[in-house]
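Reader: I am new to reading protein models, and I would like to learn how charged side chains pair up. Could you show me the structure and then take me through it slowly?

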Amino acid sequence: MTRQIRDLMSSGAAAVEPMTTVARAARMMREQDIGEVLVAYDCDLFGVLTDRDIALRTVAEGRDPNGTTVGSICTPPPVVTLAPEDTTDRAIELMRQYAVRRLPVVEHGGCPVGMVSLGDLATTEDPHSALADISRAAPNH
């Protein structure tokens, strides 16, 4: 059943400015139990930083997380986004096309308002799937 993104997105996506250190962003991700933060100046979405970006573009390259900025390692623009009015079908289409697991949700003018994940879609579109079961499970700490 197709639904609007606003019905299943996680609102209030975490965001940091491009000059934030990778170490600070990683601590935020740990504290909020999330795998991605938006990199933005107010309502201007600059990029997306994932836990994978930290692992591959900082740790694996031997860069200092206390001296490396998120703006230098994040996935740069253009960032694929959804609007709250978009449908789950559109989200699935974009995730397939761009091979991503999460999409920022932005309102008119590009202001970030939330995030939708592959797990969100699985629990909504196919609640009996293995991915939906995994997505509902409590996180490992």
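Author: Let us begin with a term: a residue is called buried when its relative accessible area is under 20%, exposed when that area is over 50%, and partly exposed in between, using a 1.4 Å probe and protein chains only. Please keep in mind that this is a predicted model, in which local features need pLDDT of at least 70, side-chain atom pairs count only at pLDDT 80 or more, and totals for chains, interfaces and linings use all residues. Residues are numbered from 1 along each chain as its sequence is written, and side-chain values use heavy atoms, with hydrogens and water left out.

Reader: How many salt bridges does a search of the whole structure find?

Author: A salt bridge is a side-chain nitrogen of Lys or Arg within 4 Å of a carboxyl oxygen of Asp or Glu, and the search finds three of them.

Reader: Is Asp53, which meets Arg57 in a salt bridge, buried or exposed?

Author: Asp53 is buried, with a relative accessible area of 7%, whereas Arg57 is partly exposed at 31%. Their N to O distance is 3.3 Å, and both lie in helix H2 (residues 51-59), four residues apart, about one turn of the helix; helices here are DSSP runs (H or I) of at least four residues, strands (E) of at least two, numbered from the N terminus.

Reader: Which parts of the chain does the pair of Arg6 and Glu85 link?

Author: In this salt bridge the closest N and O atoms of Arg6 and Glu85 are 3.1 Å apart. The pair links distant parts of the chain, with Arg6 in the segment before strand S1 (10-11) and Glu85 in the loop between helix H3 (70-73) and helix H4 (88-98), 79 residues apart.
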